[in-house]
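Here is a short tour of a protein chain. Keep the structure in view as you read, and find each part as it comes up.

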Amino acid sequence: LPRTATAVGMLTAVVLANGNDGDNLYPLTEDMPLAALPVGNRPLLSYQLEMLQRAGSFGEVLVVTNDRHLSRLEAVVSEYRGPLRIELVVVEEGAGSADALRTLRGRGRLAGDFALISGDTISDVPFQKIAAMHQLHGASVTVLLKQQPPRPAADKKKARDLDGTDFVGIDESRQRLLYLESAADCDGGVITVSESMLRAHPHLEVHSDLADPHVYLFAHWVLEVLDHKPHFSSAKFELLPYLVRKQFLDQANLPLPQAEAQPQQATAMSSAAATAARLAGAVRCCCYVVPHDGHYCMRACSIAAYMQANLDICKGGAATFDKAAEPTEPLREGNFAASNIDQQSARGGSVELGPRSQVKKSAVGPHCRLGAGVRLTNCVLMEGVVVHDKVHMSNCILCRGAEVHEGATLKDVQVGSNVSVEAGANVKSEALTAEVDAEGSVVGSAEED
């Protein structure tokens, strides 16, 4: 990563690597934390660190994990060579994002305004611009939002397509976040807007095409809300909607800081505007909206999204991110000849590839061995995968140590760590966590997508 000059009054970032969303990536996360999963042969965590380093506003990064994933993330963090100070912080298994913030506050680790970032986010949005907006408006929270590509006119969104969608209300300047509600919490997709909000912002725009990549910048005083709301477990689903609603509701019970409670030493985010807004008892929620054709911004929080992220990074679709550096080891006859792998693929070190094999739009991790006549398209192979002769795979993910025997055909399949697929097997649209025989029958367990 490029080095960035440090400055006085650096901010703290909290990266959530404790993997509560890992179930959406099963079996990939069965024995590996989400933040350590490879994308373009780089761990997911490295993308959050790169974004923070480029901003130049952060000195310390607190990576939240649990005991089960600690050793694996220690190995990931040990490979970082940039200027950020990174510390792994262990919280209880199953702790939510708000729970983690409460723990960090109790340990005295958050002294000023701070960023909260999901461990599966990949974005090249210039964080310094989000920070500048936060400072300018004296915001309680500033949220990054990414506009999704427009749908074709004939492709109407149906009610069932609203799963995982948020209704987001913003002002005409597209800088104030005025309304936030999950579609799952709205009866039949009907939303209710307060009269006080409409009086203050008569030109409210409500969107269902603004995705939340879980990148937030919070004012320090917001941590006190968590003391008053001990049942809040999630920053995304509880704390953030609460703050958005409080902009137009009674703020009497909010723990807004008084003048004497202000810290003597300002952080990099403090400003006259921020102080004035807080002393006035104002909750102000802002948003930084990225257009659909703007900066790269996504979460690798599902199998489909994880596959897309690998494809984007490998082919250069995320312009400012690079896949892991290609190994400098010399190519040997029959070992990954240049004609066998296209430019939209990535390979790790010590990879072996047999003759007449083709690798297209795929990421092949270190120490993988591919036999003769292998065909890979849109695949991710993690470390130490073995693929025998005449295997054909498309849209597949193979976890560490997986093995696919001769003549097998796999399509839309995820293979768990150290799982063996027998010779001649023909498997489609399954998640394999046990051995598969030649007839495609699973010896143990499998899950259909």
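Start with strand 13, residues 215-218. Val-215 and Leu-217 point one way from this strand. Tyr-216 and Phe-218 point the other way. All four are buried. Keep in mind that this is a predicted model.

Which strands pair with strand 13? Strand 6 (residues 114-118) does, in the antiparallel sense, over four bridges. Here Ala-115 stands opposite Leu-217. Strand 8 (residues 141-147) also pairs with strand 13 in the antiparallel sense, over three bridges. In this pairing, Val-141 stands opposite Phe-218. In general, strands of a sheet pair through backbone hydrogen bonds, either parallel or antiparallel.

## The chain as a whole

Now step back. The protein chain has 449 residues, and buried residues make up 52% of them. Its secondary structure comes to nine helices and 34 strands. The accessible surface is about 19,800 Å². Carbon and sulfur atoms account for 48% of that surface.

Take the contacts with a separation of 6 or more: 55% of them join residues 24 or more positions apart.

Strand 9 covers residues 166-170 and pairs with strand 10 over five bridges. Val-168 stands opposite Leu-180 in strand 10.

In soluble globular proteins, nonpolar side chains tend to be buried together. The largest nonpolar core in this model has 57 residues. Which of them touch the most other members? They are Leu-28, Phe-58, Phe-127 and Tyr-306. Helix 1 (residues 44-55) gives the most to this core, with seven residues.

Leu-28 shows how such contacts reach along the chain. Leaving aside neighbours within four places in sequence, Leu-28 is in contact with several residues, including Leu-37, Ile-303, Tyr-306 and Met-382. Ile-397, Cys-399 and Gln-414 are also among its contacts. A second, separate core has 41 residues. Val-64, Ile-170, Leu-177 and Leu-239 are among them.

## Two buried residues

Is Pro-33 buried or exposed? Its relative accessibility is 2%, so Pro-33 counts as buried. Pro-33 lies in the loop between strand 1 (11-16) and strand 2 (38-39). Beyond its neighbours within four places in sequence, Pro-33 is in contact with His-69, Arg-72 and Leu-73. Pro-33 and Thr-65 are 32 residues apart in sequence, and their C-alpha atoms are 8.8 Å apart in space.

His-134 is found in helix 4, residues 127-137. With a relative accessible area of 1%, His-134 is buried. What does the side chain of His-134 make a polar contact with? The partner is the side chain of Asp-113, at 3.4 Å.

How values were computed. Residues numbered from 1 in each chain as written. Predicted model: local features only at pLDDT ≥ 70, side-chain atom pairs only at ≥ 80, totals over all residues. Heavy atoms only, no water. Buried < 20%, exposed > 50% of the residue type's maximum accessible area, 1.4 Å probe, protein only. Contact = heavy atoms within 4.5 Å. Core = buried A, V, L, I, M, F, W, Y, C linked by side-chain atoms within 4.5 Å. Pairing = 2+ DSSP bridges. Polar contact = N/O pair within 3.5 Å; in protein donor to acceptor, adjacent residues only side chain to side chain. Areas by Shrake-Rupley, 256 points an atom, 1.4 Å probe, with all protein chains shown as cover.
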